Amino acid sequence: MTDSKHIDVVVVGAGHNGLVSAAYLAKSGLQVLVLEASDKVGGAAATSEFSEGFSVSECAHFLYSLHPTIVKDLQLANHGLFYVATDLKTVALSSEGKHITMAGSEIQGEDVSTEDISNYRRFHTQMKRFSKVLASSFTHRPPRLVDGDMKDKLSLLKLGWNARKMGRQNMLELLRIGAINIYDVLNENFDNQLLKGALSLEAVLGSHTGPRSPNTVLGLLYRRVGETYGFRGPTIPSGGMGNVSNAIASSATSLGAAIRTSSPVERILIRDGKVAGVKLSDGEVINCDRVISNADPKYTFSKLVGYPQLETGFSRRAANIRMKGNTAKLHLALEALPEFTGLNTNDIGNRLVIAPGPDYVENAFNHAKYGEFSEHPIMEISIPTVHDTSLAPTGKHVLSAVVQYAPHNLKQGWSEANEEFTALLLDLLESYAPGIKKLVIASELLTPADIESRFGTTAGHWHHGELALDQFLMLRPFPGMGQYAAPVKGLFLCGAGSHPGGNVMGLVGRNCANTLLEAGAASD
Amino acid sequence: MTDLEIPPLLLQTPFHSRVSAACEMNLWEDWKGYTTPVAYSNVELEYFAMRNSASIFDITPMTKYRITGADGHAYLDRLVTRNLKNLDVGRVMYTAWCNDEGKVIDDGTIFHVNDDTFILCAQERHLDWMEWSALGFDVKIEDVTEEIAALSFQGPTSCAILKIMGLTGVENLKSFDLQHYPFGQTQLMVSRTGFTADLGYELWIEPDHAEALWDALMAAGRDYNVKPVGAEALQIARVEAGFIQAGVDFVPAEQEVRVERSRSPYELGLGWLVHLKKPNFNGQQALKEEKLKGSRFRFTRLDVQGNKPAENSFIFNRQNKVVGVVTSAAWVPTAKRNVAFASLEMPWGKPGNELWAEIYYLRELKWARVLEKCTVIEEPIFDPERRHATPALDY
């Protein structure tokens, strides 16, 4: 059924960025319609029931960089956004129980030297300072280098000035480490293996890199941007990540946006080089002259638009985006709270990390290069039910773990290997939390193949494209597509594939909405 | 004992046995990896054979891509600047193709051989570009350069000779028609196309039958003084014909190293090949913009005073300022003109502009320099009626 109401903008995909875009556009008085393929909003920031009575944040499970301006502008607190735990610590697990704990700039642990403790304080401040420089470019469209206008030149100047303003030494240090690997930088600073392992994991999470891969320092800086936004550690929203999306959706709806779930868009329609509307998979056509795609750039251009509608060089760059999903998600329904060797029960609700050394992480990555999963994977674990009992039946718990490395292009294919990898992961958990296997009522492993089919992200890549210098700032997702507007007039991108990138931050959605509004104002 | 066979540096075309036997000058050059003759005996005689009787030029090294598959037509239409909708089976079209920036990658001809088979023939190799352009299309692209031997058979008596060779009805081919004829145990594809702006044909055959084709042409053309011609004679003819050449008159866009060295179709005098109203093709947006904002350069054919070819000359305006350079130049004997192709900065090169070519020349170990006045040529330099007359006549 076609709604006869005039629609200014269609947003394809109700991921958190799509919803943020929709909310801002609706706020500016545009008629916005969000079309979502699945039966609920949120995309990869969603909560789902994976076993009867057990729910979990499906993909992302911690919030650590949602931009405060968005929270404020969209009044998310009034729309149900509520945190059950904030500023969580990070516990780097050791199988012998000699864990170390990181909270802000402080680290604790029996084997941590005083030198490492003071070095970490300095390192933490340094990273925060550098992240702040990065963050200064995140809230607006990235500058265009060729044929840039005054705004582009100013934002480039601002970025340079922010780097320079840190002082000569700091700027030189940022330029020195900005493009190198985290492994070397960690070895320059620290001795403790657990500390270096945990930081390595932080730098490579969600990407197809190991700690010795180039520009993994950038990965760490990118995650630390949240500190600039007031997050001193991971945060858990009530009801899981789905409630962040629900709050944004509720805000968008109250501002006048319409959201339709179970409405997969098959095609973005183009006439004479301009957007003409969208066609749904049931054949319904919705006319509009502006479309924002929350889907990843590769999916948008190859499937929704179709490369033949674009030009060769542009298609080539889209097809060449580096995005090999390498991250899986493990969900366990547990009979009771597990016990990790040597871990105080009070600490179990924190961010638990299995990455007992930088070489361990690098070795885990080696397999992925050859289409194999890690024999000794790394894990970022959350047990959200410690803070939020609504996710599981009384007394029971949910464990959620981000797992690497699990390459999308697994040699034997994931339908074969899912069970095998799950068993391997359970064994790994058992070695840190003896007895946990007996507590498992149900389990779910979302491999990159599942993430691709469930969320539509090409190759199941969490960030819609590697976060690396060659796909960063004005080069994200690729040169010539760095400012949200596609060469097809009226088509915009608002997914994590665009600047600044992945994580539940909301800035891509906001920047994209602003770009669309500016473009509208310019052409009217 | 080592039995290591070192492959030759250059390939030989399937006509090589005949070419090398005829090449008295033994003057060879590397053309796209093939060894090819610069001249056979005497450049002037070769040129005049081309203009007054008939000439054979081995074009096997030309790039040939075969495009098959359900989307072949749509694929090519998106690839090139010209509207291919009316390119029916049995027809050939000359066109250019651009990168996203609207700069020419190459120009060439597209042959619609049968329902879902096309052959694209051009100067430069750019299979990667062809493959990237195929994203989202159901097509197969094959480099068939080595699989098809080809001769350019040009000149006023070319049709008569082909008839003697037994190609009945070949005179009825219109310009840019193509037709298959049985030839021995194989098929000979004949197209009325060429690089000389004269009556002429291009002949396409399987390599195994190449020598037989050469022999048949020489035998049928014996009374017509048919001559094999080398690159140098062809160079004079193509300047006379007004045809540009990739790598000489423009830098193929995907080979450009320095910024802004390549040229758009408008900047090469190929604006007539650009159909901006097509739904979507490579370079469309950039070319639309250029059409609005204006081009940076103008491609101009100049008539240079005197008889010294203005090779690589700077072109000056009246204020003695350099406004461009010559890309190709030759004294063309039939039109009796000293022609130069020049790439000039806008707005120079309009008819009536007073321009000067700075020509350096060597006479018995003494270099001299002259400034020769240039006049912009508006009309075709060489365009005989027989070029397009159908049926083609005997001469």
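Tutor: Let's start with strand β12 of chain B, which is covered on both faces: B:Gly200, B:Glu202 and B:Trp204 are buried on one side, and B:Tyr201, B:Leu203 and B:Ile205 are buried on the other. "Buried" means that 20 or more other C-beta atoms, placed from the backbone, lie within 10 Å of a residue's own; 12 or fewer makes it exposed, and anything in between partly exposed. Strands here are DSSP runs of E with at least two residues, helices are runs of H or I with at least four, and both are numbered from the N terminus.

Before going on, a word on the source: this is a predicted model, in which local features need pLDDT of at least 70 and side-chain atom pairs count only at pLDDT 80 or more, while totals for chains, interfaces and linings use all residues. Residues are numbered from 1 along each chain as its sequence is written, and chains are lettered from A and ligands numbered from 1 in the order in which they are written.

Now for the neighbours of β12(B). Strand β9 (residues 149–154) of chain B runs antiparallel to β12(B), and six bridges join the two. In that pairing, B:Ala149 has B:Ile205 as its bridge partner. Strand β11 (residues 186–191) of chain B also pairs with β12(B) in the antiparallel sense, over three bridges. There, B:Glu202 stands opposite B:Ser191. Two strands count as paired if DSSP finds at least two bridges between them.

Elsewhere in chain B, have a look at B:Pro228, which sits in strand β13 (residues 227–228). B:Pro228 counts as buried because 24 other C-beta atoms lie within 10 Å. In sequence B:Pro228 and B:Ser55 are 173 residues apart, yet their C-alpha atoms are 5.5 Å apart in space. Leaving out residues up to four places away in sequence, B:Pro228 touches B:Val19, B:Ala22, B:Tyr40 and B:Ile56; a contact means C-beta atoms, placed from the backbone, within 7 Å.

Finally, chain B also meets chain A, with 14 residues from each chain in the contact. On the chain A side, helix α11 (residues 312–319) gives the most, with six residues.

Note on methods
Contact = placed C-beta atoms within 7 Å.
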